[in-house]
Amino acid sequence: MSGKAFQPPPEDAKRVLVIKFGGLRDFIQALAAAKVIREYHFGARITLLTTDEFKPFAEKCPFFDTVELVGAADPKQIAQLISRVRKSKFDMIYDLECSARTNQFYLSLKPWPPRWSGAATNCSHPYADPERDQKHKLDRYADQLHSAGLGPAGGWPQGGGPLPDLSWVRMAHRDPPRLQPGYYSLKQPFVLLIPGADVAHPDHLWPIEKYSELARQLVGLGLGVAVIGGPAEREIGMAINRAEPKVKNLVSRTDLFQLAALAERAAAAAGDDSGPMHIAAAAGAPCVVLYAADQETALAAPRGRAGVLKLLAPDLGELPVTDVIRAIGNLGALPSPVHA
């Protein structure tokens with residue numbers, strides 16, 4: 001079926017389903033498409049089908065009215081899920097996963113499947129671009145929505161589609177103290193350091209000693225500094241804090257809401273490519289992301305309204321701290337000009 005052979009999704013749809021599993025960075029990027037879907041289907045009841053780890057975050061997101069969990073991929077639970085979807089009688093389904101799993105899910109809804117946007121075989125609103133795997137996820141979502149009839153008539157330009165939007169986070173909670181920098185005794189202006197801990201690819205990580213030196217220099221410039229991460233980054237956070245005691249070690253102390261709220265107010269964020277870095281960019285922090293030359297940046301780098309600078313080095317371990325300081329300065333995040 002060609003992209004011109006179907007009608008756009010009904011704007012008066014009452015029940016809409018959005019499907020998105022994936023990891024943290026994929027989920028955050030998919031919120032760009034979810035916002036467009038919400039705006040198009042204004043007044044509809046929109047359900048998100050996702051995994052358990054994103055349920056608390058998605059339940060507060062204004063792009064969804066309810067959240068359903070996909071559960072395990074065993075035959076019994078799949079049959080129960082298909083039964084639930086049939087009974088819900090969705091007017092439109094947006095499959096933002098576009099995987100073999102969701103293709104099989106679509107086929108299981110035959111012989112009378114609902115209207116479906118995605119890569120599923122013979123669906124009503126196909127996204128059939130054979131080169132979609134060679135595109136950035138945000139460009140893929142923009143192309144899929146355009147293929148389904150959403151967005152501007154000519155589609156969005158590559159690299160110019162919708163961006164993830166986390167501006168709702170603080171208001172969804174009525175901006176409580178725990179979402180304030182002062183909750184962590186952070187004073188503005190401050191920079192978030194977001195190191196990674198990729199055991200499989202240690203060459204894709206900037207060394208701890210470089211982060212420590214960066215922290216010392218930022219503190220010396222009069223900036224507050226906080227280190228963000230999860231359990232895997234615990235030792236990194238402790239090491240940076242030992243090297244510069246004025247650093248706030250917030251590793252394992254922030255949930256997704258707190259990270260987004262801090263990033264919205266941060267002067268900048270710097271670190272390795274990771275899910276938290278995508279949150280920082282989506283929340284509005286100017287970002288500096290560090291890459292080894294063999295990493296695929298065109299398909300995976302964060303994008304954000306405040307700007308994202310990518311620093312690449314043949315050997316990431318040799319990337320100078322001065323280059324990162326300069327990049328942060330180029331984003332307008334330093335209190336005064338820094339001369340390398």
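Are F57 and F257 buried or exposed? Both F57 and F257 are buried, where buried means under 20% relative accessible area, exposed over 50% and partly exposed in between, with a 1.4 Å probe and protein chains only.

A quick word on the ground rules. This is a predicted model, with local features needing pLDDT of at least 70, side-chain atom pairs counting only at pLDDT 80 or more, and totals for chains, interfaces and linings using all residues. Residues are numbered from 1 along each chain as its sequence is written, and side-chain values use heavy atoms, leaving out hydrogens and water.

**Aromatic pairs**

There are seven aromatic pairs in the structure. Rings of Phe, Tyr and Trp (its six-membered ring) pair if their centres lie within 6.5 Å; planes under 30 degrees apart count as stacked, over 60 as edge-to-face and the rest as tilted. Here are two of the pairs:

| Pair | Centre to centre | Angle between planes | Type |
|---|---|---|---|
| F57 and F257 | 5.0 Å | 35° | tilted |
| F105 and W116 | 6.0 Å | 75° | edge-to-face |

F57 sits in helix α2 (residues 55–60) and F257 in helix α9 (residues 256–265), so this pair ties together parts 200 residues apart in sequence. Helices (H or I, at least four residues) and strands (E, at least two) are DSSP runs, numbered from the N terminus.

Six strands make an open sheet, ordered β9-β8-β7-β10-β11-β12, with parallel pairing. Two strands pair if DSSP finds at least two bridges between them. At the edges are β9 (248–249) and β12 (308–313), each pairing on one side only. Strands β7 (residues 190–194) and β8 (residues 224–227) share four bridges in the parallel sense, and L193 stands opposite V227 in β8.
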